[in-house]
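Look at the charged side chains first, then at how the strands pair. Follow the text with the structure open.

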Amino acid sequence: MGLFRRSTGAPPPVRMPLGLNVLLVLSAAGGFAVVFGLLLWLGLGRPSLPTSEQWTVKDSFDFVKIVLAVVGGIGGVVALVVSYRKQRLGEAAEEREDAQLFNETFNQAAEQLGSAEAPVRLAGMYTLERLGQNTPEQQQTIANVLCAYLRMPYTPPVDDPAEEDREENERRKQEREVRLTAQRILANNLRPKKGQEDRHWKDIHLDLTGATLLDFDFSSCQVDTALFNGAQFSGDALFNEALFGGNARFDKARFGGNTWFGEAR
């Protein structure tokens with residue numbers, strides 16, 4: 001189950017006094033009734049209305065019925081307006097709760113990305129992915145955070161470090177796994193999958209300027225625009241069948257291994 005309800009895009013509730021709200025609805029209903037009655041009368045050929053010179057008991061009962069019907073109609077309108085306002089206020093409260101929960105979870109994940117422990121940073125990555133999947137309107141924000149993480153300076157580990165550098169080299173290996181995870185999260189959510197089109201993050205702008213990217217697999221991904229200016233690709237880089245809706249910039253990018261752009265558009 002997702003953490004958040006998907007935004008409905010509904011407008012905020014109208015902050016109108018209840019009395020004025022009821023009066024406007026009654027006026028609209030009354031106007032509609034008059035117009036409808038006039039059109040009906042014209043459609044029936046303008047029949048003459050019956051007149052009575054003497055008020056009878058039957059007329060009194062009919063008048064009471066009309067008054068009760070009007071009062072009942074007014075009561076129904078009031079109840080309808082109150083019910084609608086309660087619903088809108090309830091929806092607004094739910095949206096505020098969702099926004100508060102998103103902010104709290106997002107801030108917690110951002111703090112985890114700054115941890116010195118690789119498992120904690122990984123947990124922050126997966127939390128951000130879950131936030132993006134459940135709040136489509138925040139997917140660009142999540143992508144921005146992941147790109148910013150990948151833009152941070154990084155030196156890949158070496159195969160045979162000196163004895164005094166082993167601890168630092170192990171830290172780089174752990175950081176490599178975190179960065180590969182960030183790349184996979186971006187690619188998996190930017191790559192449409194058959195039957196899961198609603199999970200695809202659409203119209204995303206990627207800014208990986210100056211990033212160090214490891215065995216980068218961007219094949220079949222779809223984005224709006226992407227900046228790889230000055231990026232350093234360590235290992236192979238795959239862009240097969242990638243689709244860029246706008247600019248794709250690779251100014252001064254460096255490729256350390258094989259690179260494929262087959263059928264990229």
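Arg 171 is partly exposed, with a relative accessible area of 43%. The term has cut-offs: buried means under 20% relative accessible area, exposed over 50%, and partly exposed in between, with a 1.4 Å probe and protein chains only. Glu 168 is also partly exposed, at 32%. The side chains of Arg 171 and Glu 168 form a salt bridge, 2.6 Å from N to O. A salt bridge here is a side-chain nitrogen of Lys or Arg within 4 Å of a carboxyl oxygen of Asp or Glu. Both residues sit in helix α5, three residues apart, so about one helical turn separates them. Helices (H or I, at least four residues) and strands (E, at least two) are DSSP runs, numbered from the N terminus.

This is a predicted model, where local features need pLDDT of at least 70, side-chain atom pairs count only at pLDDT 80 or more, and totals for chains, interfaces and linings use all residues. Residues are numbered from 1 along each chain as its sequence is written, and side-chain values use heavy atoms, with hydrogens and water left out.

Why can such pairs form? Side chains of opposite charge can pair when their charged atoms come close. Across the whole structure, the search finds seven salt bridges.

One of them joins Glu 175 to Arg 121, at 2.9 Å from N to O. Arg 179 joins them: Arg 121, Glu 175 and Arg 179 are linked in a network of salt bridges.

Another salt bridge pairs Arg 176 with Asp 215, at 3.0 Å from N to O. Arg 176 lies in helix α5 and Asp 215 in strand β2 (residues 212–217), so the contact ties together parts 39 residues apart in sequence. Arg 176 is partly exposed at 23% relative accessibility. Asp 215 is partly exposed at 42%.

Now turn to the strands. An open sheet of three strands has the order β1-β4-β7, with parallel pairing. Strands β1 (205–207) and β7 (248–249) stand at the edges with a single partner each, so one side of each has no neighbour in the sheet. Two strands pair if DSSP finds at least two bridges between them. Three bridges join β1 to β4 (residues 225–227). Leu 206 has Ala 226 in β4 as its bridge partner.
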